[in-house]
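The sequence and structure are shown first.

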Amino acid sequence: MKKEIICTVCPRGCHIDVVGEGDVISSVEGHGCKRGLEYASAEFAHPVRILTTTVKIAGGANELLPVRSAKPVPKEKLFDCMEVIRSTQVELPVASYDVIISDICGTGIDIVATKTVKN
């Protein structure tokens, strides 16, 4: 399988072609630096994303608390994580970097607050 990946490590935005099957990569072409090679290889084999979203505040009219994953989440788990987040409500007060959801979907990754909100 061949996949074109646009590198986001630096502003150059190299178009990198990766060829392989599953976790086995047979060739990587088009990278401008070693970091681009590492990024494209990881993105091909196991793509991950930082998950940023909001969580409902219990008792709040329409208030939402901004949250994000503490580490990148495997791309295939994003929709499962969003289902858990959608059903979550948080009690105030909350400080930045408080853990809102621990070990979401068994990934070992926490969802943390990105804003302090007081009563």
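A salt bridge is counted here when a side-chain nitrogen of Lys or Arg lies within 4 Å of a carboxyl oxygen of Asp or Glu. The model examined is a predicted one, and a search of the whole structure under this criterion returns 2 salt bridges. In general terms, side chains of opposite charge can pair when their charged atoms come close.

**Salt bridges**

| Glutamate 43 | Arginine 49 | 2.7 Å |

In the pair of glutamate 83 and arginine 86, both residues belong to helix 2 and stand 3 residues apart, about one turn of the helix. Arginine 86 has a relative accessibility of 47% and is classed as partly exposed. As for the other pair, glutamate 43 is buried, with a relative accessible area of 8%, whereas arginine 49 is partly exposed at 30%. Glutamate 43 counts as buried because its 8% falls under the 20% limit for that class.

Strands of a sheet pair through backbone hydrogen bonds, either parallel or antiparallel. Strand 6 and strand 10 run antiparallel and are joined by 3 bridges.

Nonpolar side chains tend to be buried together in soluble globular proteins. The largest nonpolar core has 19 residues, of which Leu51, Leu65, Ile85, Val90, Ile100 and Ile111 touch the most other members. Two or more residues each come from strand 5 (52-57), strand 6 (64-69), helix 2 (78-86), strand 9 (99-101) and strand 10 (111-113). Of these elements, helix 2 gives the most, with 4 residues. Apart from this core lies another, of 8 residues, including Cys7, Ile16, Val18 and Phe44.

Which residues does isoleucine 85 touch, if those up to four places away in sequence are not counted? They are Leu51, Thr53, Thr54, Val55, Ile101, Ile104 and Ile111.

**Serine 69**

Serine 69 is placed in strand 6 and stands opposite isoleucine 111 of strand 10. Its relative accessible area is 0%, so serine 69 counts as buried, the limit being under 20%. A polar atom of the serine 69 side chain lies 2.9 Å from the backbone oxygen of lysine 71. With neighbours within four places in sequence left aside, serine 69 is in contact with Arg49, Ile50, Leu51, Ile109, Asp110 and Ile111. One of these contacts, Arg49, is also the salt-bridge partner of glutamate 43. Two others, Leu51 and Ile111, are among the residues of the largest core that touch the most other members.

Is lysine 34 buried or exposed? Lysine 34, in helix 1 (residues 34-45), counts as exposed, with a relative accessibility of 62%. The C-alpha atoms of lysine 34 and serine 69 are separated by 27 Å, the two residues being 35 residues apart along the chain.

Technical notes:
Residues numbered from 1 in each chain as written. Predicted model: local features only at pLDDT ≥ 70, side-chain atom pairs only at ≥ 80, totals over all residues. Heavy atoms only, no water. Core = buried A, V, L, I, M, F, W, Y, C linked by side-chain atoms within 4.5 Å. Buried < 20%, exposed > 50% of the residue type's maximum accessible area, 1.4 Å probe, protein only. Contact = heavy atoms within 4.5 Å. Polar contact = N/O pair within 3.5 Å; in protein donor to acceptor, adjacent residues only side chain to side chain. Pairing = 2+ DSSP bridges.
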